[in-house]
Every structure is written in C-alpha cells, then in structure tokens.
Amino acid sequence: MCRHNPCKPTNKLFPSQRFDRAPCLSCGEAEALRFESSVSYLSKVSFSKEPLEYTARSHLTPTSDAKAPWHKPCPQFEVVPEENCREAYPSDAPLPFSTALGEPGKQPAGAMPALATGAGHEPGLYELLAALPSQLQPHVSCPEDNTFLQNMFGERSLHSLIKVKQNKQTRIHECLQHYEESKPTPALDNTAALAHELSEELEGKPANGEIKELLKLLAKPHVKSLLMVHDMVALKSYDPELPPLPDDLDDDEDSVKIIRLVKNKEPLGATIIRDDHTGAILVARIMRGGAADRSGLIHVGDELKEVNGIPVDDKKPEEIIRILAQSQGAITFKVVPAMKAETPTKEPKMFLKALFDFDPKEDKAIPCKEAGLAFKKGSILQIMSQDDATWWQAKLEGDANPRAGLIPSKQFQERRFAQRQPVATLPFQRTSSKRSSGFRRSFRLSKRDKKKTNKSMYECKKSDMYDMADVPTYEEVAPYRRQSGARHRLVVLVGPTGVGLSELQRKLLISDPQHFSVTVAHTSRSKRSQESDGVEYHFISKSLFETDIYNNKFIEYGEYKGNYYGTSFDSIRSILSRNKVCLLDVQPHTIKHLRTAELKPFVVFVKPPSLERLQETRKNARTLSGKEDKGSTKPYTEEDFQEMLSTAQSMENQYGHLFDKVIVNDDLSAAFSELRLALRKVEMETHWVPVSWTHS
Ligand SMILES: Nc1ncnc2c1ncn2[C@@H]1O[C@H](COP(=O)(O)OP(=O)(O)OP(=O)(O)O)[C@@H](O)[C@H]1O
C-alpha cells in the first residue's frame, strides 16, 4: 500500500524474493535499502561532467531545521537499518552493508563514534587506531604514504595516549576529554606571531638560563606547529576555500554534486523514489535528525545520477539496491541537486500526546515499516515534519536518538479509525447483574450521606452512550508546571464501581484534611431534620435545579424518586478557590466536560487487580447490595468481581486516552501511596497538558 493512496487495501506491498521491500503494485514503489552514514562526509562539487579537484569536508552537525518540501506523490523506497529489515523480511534481505570498515566480527567503522563518546569507550578507540592502517590501505595508492601511515598509527607514543595503563594513571585521552567537556576557548588568535616577536626580542637580551630554555622551547618545530594550529582554530580558518568558478561553464549543464559517505552503523535516514514521468531516481524523504539530515548534504528532490560511478538513470530501484549492497567501503553518490532550494525555517516545536498505540510492524499502509516509530497510548511525540499529509515524522520526547520516524498523520489516522468503527453509536455493554451497570454513579457522593444513598439513583442514561465524535488520535500538548500558590489542578478519580475509589478518597482526606476536599452535591429533595444545608447537600428547589441544568451548571446530574441530585461546577470552584485540592469521582464520559484550562483535571484511573487478587484482598470488603433498602451491604460475589473487571476493561478501551495515571488497587496501602505520590508530583513537577490549557 503506498502512502499517497493508503486507503485502498488492494495496493499492497509484497515482499520480493531478492530484496527486503518490493515495489508497490499500483505505483511501482521500490524497496528499502540500507546504507550507513559516516562520522564525516566528503563532498566534491562540480559544475560539469568532470568534477573539479576540490574536496569539502562537512561534519555531522545539525544543519537543517529546513522544511523539506514533499516532492510529490510517487513511488519511493526507504533507506533503513539492516538488522530491522532482516527481522521484518526474514526470507531474504540482502541488505547492502554489513560491517563497513572492518573484518567480520571485529568492530567496524561503527567504532568511529567512540571518538566522540565518554571515557568508558577507550577500548573502541584503541581498536580503531589499531585497525586504521589496514583499513586505510585500499585508499592509499602511493607506497610511501602507506608506510608513513603505518608508522604514524603504529607510533607507541600515540598508542600510549589512549591505552589503559595498568597503574591507572590518568590518560592523556581522558585529560583531553575533560578539556573538551569544559569547552575551552582560545584567548588569542596570534600566538605564533607573538612567540616569534618574543623570540626576536629575547635574542638581543643578555641570556640567563630561563631565557635560554624559553628560546629553545619556542624554536621547537612542535611548539611552533602547536601555536600555529591554535591560531587556526582561534581564527576558524580550517574550512577549505572554494576554488573560483570555471569560466567556460555550459549554461545548460546541470550542477552535479558528488557526495561521499563513509559508513557506520547508523541508518542514513533517507528514502528514494522513481519519478513516474521522468524515470528519474529522486530523494523522496529525509528523516529529520537522521544522518542524512544532519549531514546537510542530501536533500529532498535531489536526483540520483550515479552510485560509485555507475549511472542509475536507467536502473530500477532494486538494481540500485543491488549496487549499494555490493559496494564496499565509502560510497559515492553523484546527484543533481533539487532545483527548489529548501528554505530553512525555524518551526516551533510541536508535541503531541498519542491517544492510541502504534506499531509500524503491524501497519499495512506504512511505506516503510523500518522507518516507522512505535509508540504507546500516552507517549509524547515531538513532531519533526508534517510535510507529508499521510506520514508525519516524529521522535519520542526525550529520546536521545535524533532521527525521526514515520507516524500516521492525524487526518490519516482519523480516517482509518472512522473506517474501522461501526457507524452506529454503541450503548455501553450492560451485564445481567442486578445493578444496571458497573460504571460509577459518582455524584451520589455526599460526604456524610454515602451509606444512606442508593447508588443506582444517579444513573444517567444518555451519558452511557459511547461518544463516537471522539476519534482519539493525537492531542497537542505543552509542558505545564503549577506555580507555587497557583490554584491546584482538579483531581478526577474514575474506576468501576466497588474498585475502591471512595476508600482511596477517604484515605486522602484523612491524610491531610487541610489540603484535600470533596464536593458537596446539590439536591432538590427536602432537607431532613438532622441535615444542614451545604454539609450533606446543597438543598435547592426543583425549579432552580432545572434552571441550573438548563444553564449547564452541573457536571453530572440524575433523578431518583422524583428528586434531582447533581454535582455542580461551582462546587469544584469553591474548593479550588480555597487553595485546596478537589477530589472528584465521576463517570468516565464526564471527563471531557471537565477538560478545561480552568480546571486542568488530572485523571486517575483506578483499576482492579486480577480476579484471584480480588478474591484474596476483598474477603472482608463489602459492597452495596443494590436492594431498595438504602445502604445495605453484602460481601462481594464472583459475579461482582467479574463485572468490575469487565467494566474496567471497557472503560480503559474507550476512555484510556483520557487517563493521566493508572493505579491498580491491589494492596490498598500500596495503591494509596502511589496515588499520594502521583498527586504530589502533579503539584510540584512538570506535566504534559493540552496546549490550550497553557494559553490562558
Ligand atoms: N485494595 C483493597 N483491598 C481490600 N479491600 C478494599 C480495597 N479497596 C477497597 N476495598 C474495600 O472494597 C469495598 C468497596 O470500596 P469503595 O466503597 O471504596 O469502592 P467504590 O469504588 O467507592 O465503589 P462504589 O462506587 O460502589 O462506591 C470497601 O469495603 C473497601 O473497604
């Protein structure tokens, strides 16, 4: 199935016999290939068929936040990691490069990154040094150069810089790394000239022992060279200078760029496509943060002309893969740079919370499984590119790997969800239990009155419908940290009835009554003699209750025996304005009405443990009997536990994307500690919240 026509199930990719990815049947899309990039890139720039004798060096520094324009929908093939391809296509995945620069089993060019790693990687560095002469041999034509290299890399003093000494003396390499970390900057850029002047001045002076020693030191070629290099670094004059443009340039001749990649283990992070109309092989996609992106040498739309001197114009993508597969050592690409220059734009960072699980290996539509980024519901994704309407590029927030992976775009995922789900709205699954549903009937909670309250009276039928308007894909989020003294976030507890929400709330209230509070419900029933207004309930008239319903004042409300009961938004505000944490347990469909910048709810789903653990832990627990006599309780039955478990499952399936924290109420005190800690973190630490909550 190809990216530009992802909804047609007939457009299937099939695994080829020879290659790890085969062309899309409808558009001829080609398969994946792997090649590895290097620590550094060499590029030649030429302006005719013959490259100029010029070599530029470009280090792997992040060069582009450039918005890579999506070229146009056409077949593509991916540059992917070898190991992954092998895994995904076990039949035959002749991925081009195995060990890049090294003998089988030995650390190949992949060892090169050790140069940039911490002190713990010296063995890699040492091995690299030892392996370099033989690895460089094929690239050195002149025997004198070869001898020179052999001698240089075999130099004992060089090895002793790196080699771990037995007496564990500080190694020079370690010292250098220390300086690298402290990022020293040169104080002067003319030390060589200064040293020269000083030497001249001192020559005329009467010489004592120290002057003589200094003059001797300054005259040493090593010291001179060191100072010269110091000045070059200070002046940053190590970039090569471009040669002048040749005068006899043919206007019609395409500019050709020659790129040389030295491989390591990192995938290049690029895909190529064959243009249907012109037949040209084009770079289709550069994965943000990948090696190709960081090199800044390859761009979307660049036309691939040659690989290792072999023209590819007339080649099928799978043939190109074969060429790459057979290549050894560094690989040279000749490309015609894309006409349209990429305009580097600094896009603001966008973070999305994933509201569904995604596994690229299971996704039939993804253009390249290996380029996909797996994530779980609740993962925070940093969006790196939305250039392609169907497949965005993203990384997991906080992931050290800078290379982005493909994720389905919001629109595409919504479309797929819509296709998968039945059109009709589904009432929540009800069981044959004497209770009508395992869902909580939460606003029954009046602090003092709970035991007398028949739970079923707050059943709110219309809210039990699954809301099909919500297609959970992604939600844009931003980091939020509550300022000290600012209002607390509303704490919402959800879970199936009998799971232990009241118990957890009770424990929180007891643990710190000055800090936590619960709402007082409203009712239209008349006050009893022992009751006080605002304590058990807020007692209001039926007509006022109905006006308040009309004015959307209630989070939840229901009718029981001709009287209304409900929890108002104002009752939450009243608690929050007293700088207390408001604890609220609601039915899960209510969460979406609470998700406002004002309340910033933190939603905790309390989940039952396994059936066995329920049976073990709830031996002495009691649940409401469900009989008409209010408040009567009974021990839990197996049926109660089954209902609790299945309701928890449905809740998680349908509303899981709205939960910030899931706590399994197995051992009560452990669950309470977990809840207490989570709530402390909500108050003190940074959390991801919908971006709109941070604007107010
Ligand atoms: N982890 C636990 N271990 C043992 N018993 C527990 C645990 N959690 C709660 N219970 C007991 O289970 C019973 C039901 O708990 P609780 O009333 O808190 O449930 P609930 O979720 O509020 O249910 P409802 O919605 O029916 O009010 C109580 O007897 C309580 O003490």
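In the predicted model, Lys353 is placed in strand β10 (residues 350-354); strands (E, at least two residues) and helices (H or I, at least four) are DSSP runs numbered from the N terminus. Lys353 counts as buried because it has 22 C-beta neighbours inside 10 Å, where buried denotes 20 or more other C-beta atoms within 10 Å of a residue's own, exposed 12 or fewer, and partly exposed a count in between, with C-beta atoms placed from the backbone. Leaving aside residues up to four places away in sequence, Lys353 touches Gly378, Ile380, Tyr474, Glu475, Val477 and Trp688 (contact: C-beta atoms, placed from the backbone, within 7 Å). Trp688 lies 335 residues from Lys353 in sequence, with a C-alpha to C-alpha separation of 8.2 Å.

Residues are numbered from 1 along each chain as its sequence is written. As this is a predicted model, local features need pLDDT of at least 70 and side-chain atom pairs count only at pLDDT 80 or more, while totals for chains, interfaces and linings use all residues.

Strand β21 (residues 581-585) is largely enclosed by the rest of the structure, because five of its five residues are buried. Val581, Leu583 and Asp585 point one way from β21, and Cys582 and Leu584 point the other way. Strand β15 (residues 491-494) runs parallel to β21 and is joined to it by three bridges (pairing requires at least two DSSP bridges between two strands); Val492 has Leu584 as its bridge partner in β21. Strand β16 (residues 516-518) is also parallel to β21, with three bridges between them, and Ser517 is partnered by Cys582.

Methods: Two residues are in contact if their C-beta atoms, placed from the backbone, lie within 7 Å.
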